[in-house]
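Here is a friendly walk through one protein model, going from its strands to its helices. Please keep the viewer open while you read.

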Amino acid sequence: MGQMVEEQRTMPPLIVSYSYSGNTYRIAQQLQAMTGGDWCEIHPWQPYPAAFPALLEQVRHEVRVGCRPRLLPGSKNPKPYSVVFVGTPNWCGTIAPPLASWLAGNDLSGKIILPFCSHCGGVAGNIQNAVAKICPKADVRAALYIMDDGGVYLPETLRQWLGKTDWGSPALGRQCSACASQR
């Protein structure tokens, strides 16, 4: 049992993200560099429209009816991970339907979930609450909201957020290299 606990403590986190415009992609990429986590992107089976009016109409409908679109295969199995970062654009004040599909399709009971999202200044919503509703048996921590892709401030913003999540504590099992250099 002691070896299993030690393995959990040194296991890198899983980073799962969906990005439409590339903003969430950049945040996840930086998060991977800082934490050493394993990263996978999720993609809907049917891509979203490129034209913004059509995208907005579809997203509003999907969010309103609670649509969980089919995903392309290839995401990592979250079972061996104790910490899972989940990234999404903030669509209509909530998580993007592809991330909702991934969360609903995986048992994240007992895991620590650290949500993050990109936004363009629209409805703030409550990303943490949206994730917690889909994953009621997980420990869903406070979400990080980043305008667009965070720009030049992204590494510092992530470092501060990771510090607030107790990323370096034994409960989360690992310490981000950027956080360690600040102590």
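Two strands pair if DSSP finds at least two bridges between them. Helices (H or I, at least four residues) and strands (E, at least two) are DSSP runs, numbered from the N terminus. This is a predicted model, in which local features need pLDDT of at least 70, side-chain atom pairs count only at pLDDT 80 or more, and totals for chains, interfaces and linings use all residues. Residues are numbered from 1 along each chain as its sequence is written, and side-chain values use heavy atoms, with hydrogens and water left out.

**The overall plan**

The protein chain has seven helices and seven strands, and along the sequence they follow the pattern α-β-α-β-α-β-β-α-β-α-β-β-α-α. Of its 183 residues, 43% count as buried, where buried means under 20% relative accessible area, exposed means over 50%, and partly exposed lies in between (1.4 Å probe, protein chains only). A contact means heavy atoms within 4.5 Å. Among contacts in the protein chain with a separation of 6 or more, 76% are between residues 24 or more positions apart.

**The strands and their partners**

Let us start with strand E3 (residues 83-91). It is mostly covered, with nine of its nine residues buried. Strand E5 (residues 112-119) has seven of its eight residues buried, so E5 is largely enclosed by the rest of the structure. The pairings that involve E3 or E5 are gathered here.

| Strand pair | Sense | Bridges |
|---|---|---|
| E1 and E3 | parallel | four bridges |
| E3 and E5 | parallel | seven bridges |
| E3 and E4 | antiparallel | two bridges |
| E5 and E6 | parallel | two bridges |
| E5 and E7 | parallel | four bridges |

**Ile15 in strand E1**

Is Ile15 buried or exposed? Ile15 is buried, with a relative accessible area of 0%. This residue is found in strand E1, and its bridge partner in E3 is Phe85. Apart from residues up to four places away in sequence, Ile15 touches Ala28, Leu31, Gln32, Thr35, Gly37, Asp38, Trp39, Cys40, Phe85 and Phe116. Ile15 and Val83 lie 68 residues apart in sequence, with 8.7 Å between their C-alpha atoms.

**The E3 and E4 hairpin**

The hairpin of E3 and E4 has two residues between the strands, and Asn90 stands opposite Ile95 in E4. Which backbone angle of Cys92 deserves a look? Phi of Cys92 is near 55 degrees, a positive value in a residue other than glycine. Cys92 sits in the loop between E3 and E4 and counts as partly exposed, at 37% relative accessibility. Thr94, found in strand E4, counts as buried at 19% relative accessibility. Leaving aside residues up to four places away in sequence, Thr94 touches Val63, Pro89, Ile127 and Ala130.

**The helices**

Helix H4 (residues 97-104) has seven of its eight residues buried, so H4 is largely enclosed by the rest of the structure. The buried ones are Pro97, Pro98, Leu99, Ala100, Ser101, Trp102 and Leu103. What covers them includes strand E1 (14-17), helix H3 (52-65), E3, strand E4 (94-95) and helix H5 (127-134).

Helix H2 (residues 23-35) and helix H6 (residues 154-164) pack at an angle of about 60 degrees, with their axes 10 Å apart. Axes are lines fitted to C-alpha atoms, for helices over the stretch in contact, and angles run from 0 to 180 degrees between N-to-C directions. H2 and H6 are therefore oblique to each other, given that angles under 35 degrees count as roughly parallel, over 145 as roughly antiparallel, 65 to 115 as roughly perpendicular and the rest as oblique. The contact is made by Arg26, Ile27, Gln30, Leu31, Met34 and Thr35 of H2, together with Leu154, Pro155, Leu158, Arg159, Trp161 and Leu162 of H6.
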